[in-house]
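Load the model in your viewer and colour it by chain.

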Amino acid sequence: MQISLTKHHGINVAIVAIAVWFIWFASGYFDEYTVRILNNIAIFIILAASYNLINGVTGQFSLEPNGFVAIGAYVTALLLITPDAKMYQYAIVDPYPFILTLHSNFIVALLLGGFFSAFLAFCLSMPVFRVRGDYLAIVTLGFGFIIKILAINTPEVTNGSLGLNDIPEFSNLYWTGGIAIVTVIVILNIVNSKFGRAMKAVRDDEDAAIAMGVNTFKAKTMAFCTSAFFEGIGGGLLAALLTSISPDLFDFFFTFQLLIIIVLGGLGSTTGAIIGTILVIGGSEWMRFLDEPMHLFGYTTTAMPGMRMVVFSLLLIFIMLFAREGIMGKREFKELFKSRTKGDK
Amino acid sequence: MDITIFMQQMLNGFSLGSMYALIAIGYTMVYGVLRLINFAHGDIMMVGAFLGYFGIAVLGLPFGAAVLLSIGGSALLGMFSDIVAYRPLRNAPKISLLITAIGVSFFLENAFNVFFGGVPRAFPVPTYLEEMVDFYGLMMPVSALLVPIVTAILLVVILWVLFKTKYGMAIRALAFDVGTVNLMGIDANRIISLVFGIGSALAAVGGVFWAINYPSVEPMMGVLVGLKAFAAAVVGGIGSVGGAVLGGLIIGFTEVVVIAFFPELGGYKDAFAFIFLILILLFKPTGILGIDFEKSRF
Amino acid sequence: MRKLAVLATSVALLASSSYAKEINVGVVMAMSGPLAAYGQTCNEGIEFAHSLQPTLKNGDTIKLVLVDNKGDKVESANGTTRLISSDKVVGILGALTSTNTSQVMAISEKKQIPVIAPVATNDKLTEQKSFANRVCFTDSFQGAVVANYATKDLKLKTAVVVVDQAQVYSLGLAKAFTDAFKKAGGKILKDIKVSSGDKDFKAVVSQIKTANPDFVFLPMYHPEVSMITRQAKQIGLIKPMFSGDGVANQTFIDLGGDSVEGYMFTDFFDYSAPPTQRSKDFIAAYSAKTGKQDMNSFVALGADAYNVMVDAMNRCANPEDSICINNEIKKTQGYEGVSGVINIDKNGNATRSAVIKVIKDGKAVYKSTVNP
């Protein structure tokens, strides 16, 4: 990890300081609903920024994050739930004995969740990167789907579709926000490192990158595993925030949501991933008023529950039509202040 | 397992596979000209089924007229979605197009949910389609037998259009190079709209068939079917119409036959399409009939 | 725009001061997404019961605040937190399925806000929780009802169970039935696993035909069961078939057509012979409004979740005291609800009778009542 001491160093420190202050302020002064939404936003920033690494920066169109998030969530949950609580909740079949013995503290559980995801990504990278482009998309979509089906069909480990309950609620804004900050810093450093340049070379022209001596397989695998690691941690945080998880949470709509976030924000831009998260996660909560009866000019319309999602999908189409490369394009926050360049260097 | 049961299962798989094939053709044609995974395609199928339902149950049309209404309405919807959501993005990154496709998909699902409700409706199947045919001891309803026949006819029609008409030539040319096609004095946008129209019409036929074989229509019915049909298109080699049909049949067979022989795997049924897909792509990274999609020619 | 907002706020303030107090009751329900069909039906009951009885005894009005959870856990958590922290609800009705309901209950338990689940039947749901209640019966009760009825009244000895792996409801009910059926001397010939959302069950029905059981138990929801009955009829599989309350609605009969003739299922009450006065009034008003002659159990249970909540609030000196409401809910005894007489025990579980119905000439016909 290298943090370059340039004139932007000050800006970086200032942004992190503001973020830390905001987390402290929000934890103390905001109401619980707002804090919960902020928690969601922080977790989705982790997921979106890491998903962006493989999809945006490396240009490998993959659709598997729901699978990695599920792995992270299940591993973390199994490590956090006390043996007593486990004993009591397996209702379909008895769990494997070793499942009952698993127990660890929060940090270890999160890290193991991340490592398991990254390890699976490593194992998958060999077959997955045999294919390119849209074929990669469908293969990874398939893996994500299979992981969900496995979670339903292996009740000895996952308790089937009943899911795992009574997960201790460790996640709070300090954890989610703190890890989000760390994730963003780590990912920005990777993007700006030698590896990051290799990843971008793969995205811009894979054949040319090979010709220039870039080990494209290594660059892709590196991006894939890093992104899986943080997605696993994000999944663990989500499990410890919700306190209960079940397979239906991790279907491909989850992946679509992340894809919408990173493309809306600007594929390849970490700043874009953050903006996209705030817009999609925050926005869809804010739009709840659309489900309620509306008072317009003295008239009260009848409530139309579900209207929120109709408007959400229309907005999504319109934003994409007007910001065809997403809100940020490939640019990062700092580049907004520079004279307009091609954005990507 | 005796031969009758085996043949029965093969016939079932053939019928299911034909339905996947009908929907997969639409995916593959749109992909051929635009390189777009049209995630809204499964939802167009849902709209097709709903239009058929409205035609029969609300307007009181005979079955044939309702099918025509469904085909026409869906084709128009497909072309309209192209004009509104995809055409403005012709020169944008492909992934932006994909997001608007997801947007169209979400919109159709949720709009139908809000305005018509999520409660499944019973599709009024004409009685002559529900009659059972006894074919050397194999029992099939007329509706299930009809599917492979109509699929075969439509496949011939599509291939004829693609290879024997000037529109077909334009579509194939478009699959090679959009820029050059424009230079040749062909309105590429019109041809792309035509492709959406044809694909959506096929999806509508698939939707109506789905509804007469599994007579319940609801707003989310297209999601899983669409996804499996897409997997079918990729298995066959996306961009190839013959491949889409082959892929559809393979996935249909696998789902029925694996369950018949290994009943304990029932819970994994929905995963078969994808397991198969992954296996095929590992050995043949562009699908069975797929040429490298940079050179696809249906 | 700003002026308008100020105006609206002042009008709202005026309105609230001139009337009696308005108390918020939250509803978490799947109004969109894959579970929308069930959520919309259940919410219909809640809203209709509210329209019949919008005020408390002391004149306070109740305002329902509905949040859509899209059938999703994250959204259930967001919605519940919003209801409790922003809308200051005194109680929550809902979440449809057991997984989403357990998410709602996990949060409300910490905030000491009572939840009444209208239709979530999983046994584990209310265990080890003080603020979790329900008005429906549990899986274990329902499973035992079916098992006993099949063995004692119908003298059926062998069964095939088809279970939907993806639905908690199905898993719970299948297990409860299997346990009770074995205890009563029955034999399970085969467990067949399917997944909801599936439409093609040809392989499943031929397996059932091969196993040749006395009857088939299908603890699933109506979209899948109706497809199974249709495909069973096509291959000439004619066996008694039984389901739980998941098929207890007219949609099942519409979807299944004549293939569901003779189908048996458990239900909460018989709408053609309303068990209580409230039930009679409710059904009459409901028919007058919607024109429907039948009533889905989900509508009745949604209504009863609301009614039991209101009943408990009426018995509290301060109807905004959530802890009192929760205690009163658990003291509900002999409440004559829309779906029958409801007793709620200290664990929050409802003790109530079940009825068994059979489908005859496209109508669900009452067959017998089983008391707990």
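How many residues does the contact take from chain B and from chain A? Chain B gives 49 residues and chain A gives 40, where contact means heavy atoms within 4.5 Å. Before selecting them, note that this is a predicted model, in which local features need pLDDT of at least 70, side-chain atom pairs count only at pLDDT 80 or more, and totals for chains, interfaces and linings use all residues. Residues are numbered from 1 along each chain as its sequence is written, chains are lettered from A and ligands numbered from 1 in the order in which they are written, and side-chain values use heavy atoms, with hydrogens and water left out.

**Stop 1: chain B against chain A**

Show both chains as surfaces. Together chain B and chain A bury about 3,900 Å², with 82% of it on carbon and sulfur atoms; buried area is the accessible area (1.4 Å probe) that two parts lose on being put together, summed over both. Zero salt bridges are counted between chain B and chain A (a salt bridge is a side-chain nitrogen of Lys or Arg within 4 Å of a carboxyl oxygen of Asp or Glu). Five residue pairs are in polar contact between chain B and chain A, both residues at pLDDT 80 or more. A polar contact is a pair of N or O atoms within 3.5 Å; within protein, one must be able to donate a hydrogen and the other to accept it, and residues adjacent in sequence count only if both atoms are side-chain atoms.

Now select helix 3 (63-86), helix 4, helix 10 and helix 12 (269-283) of chain B, each of which supplies at least two residues of the side that touches chain A. Helices (H or I, at least four residues) and strands (E, at least two) are DSSP runs, numbered from the N terminus. Helix 4 of chain B gives the most to this side, with 15 residues. By class, the side of chain B that touches chain A has 37 nonpolar, nine polar and three charged residues; Ala, Val, Leu, Ile, Met, Phe, Trp, Tyr, Cys and Pro count as nonpolar, Asp, Glu, Lys and Arg as charged, and the others, Gly among them, as polar.

**Stop 2: chain C against chain A**

Here the contact takes 36 residues from chain C and 34 residues from chain A. Chain C and chain A bury about 3,000 Å² between them, 52% of it on carbon and sulfur atoms. Four salt bridges are found across this interface of chain C and chain A. Zoom in on Glu169(A) and Lys110(C), whose side chains meet in a salt bridge at 2.7 Å, N to O. Across the interface of chain C and chain A, 18 residue pairs are in polar contact. Helix 3 of chain C supplies the largest share of the side that touches chain A, nine residues. That side of chain C has eleven nonpolar, 13 polar and twelve charged residues.

**Stop 3: a bridge between chains B and C**

Select Glu130(B) and Arg230(C), which form a salt bridge with the closest N and O atoms 2.7 Å apart. Glu130(B) lies in helix 5 (residues 127-130) of chain B and Arg230(C) in helix 8 (residues 222-234) of chain C.

**Stop 4: the second largest cavity**

Last, centre on Phe256(A), Phe39(B), Asp43(B), Ser105(B) and Val223(B), which lie nearest the centre of the second largest cavity among its 13 lining residues. A cavity is a set of points, on a 1 Å grid over the protein atoms alone, where a 1.4 Å probe fits but cannot get out; lining residues have an atom within 4 Å of a point. About 120 Å³ of space lies in the second largest cavity, a volume being the space filled by probe spheres set on the points, with grid points joined across faces, edges and corners. Helix 10 of chain B gives the largest share of its lining, four residues.

Technical notes:
1 Å grid on protein atoms, 1.4 Å probe; cavity = no way out; pocket = protein on both sides within 12 Å on 5 of 7 lines; lining within 4 Å.
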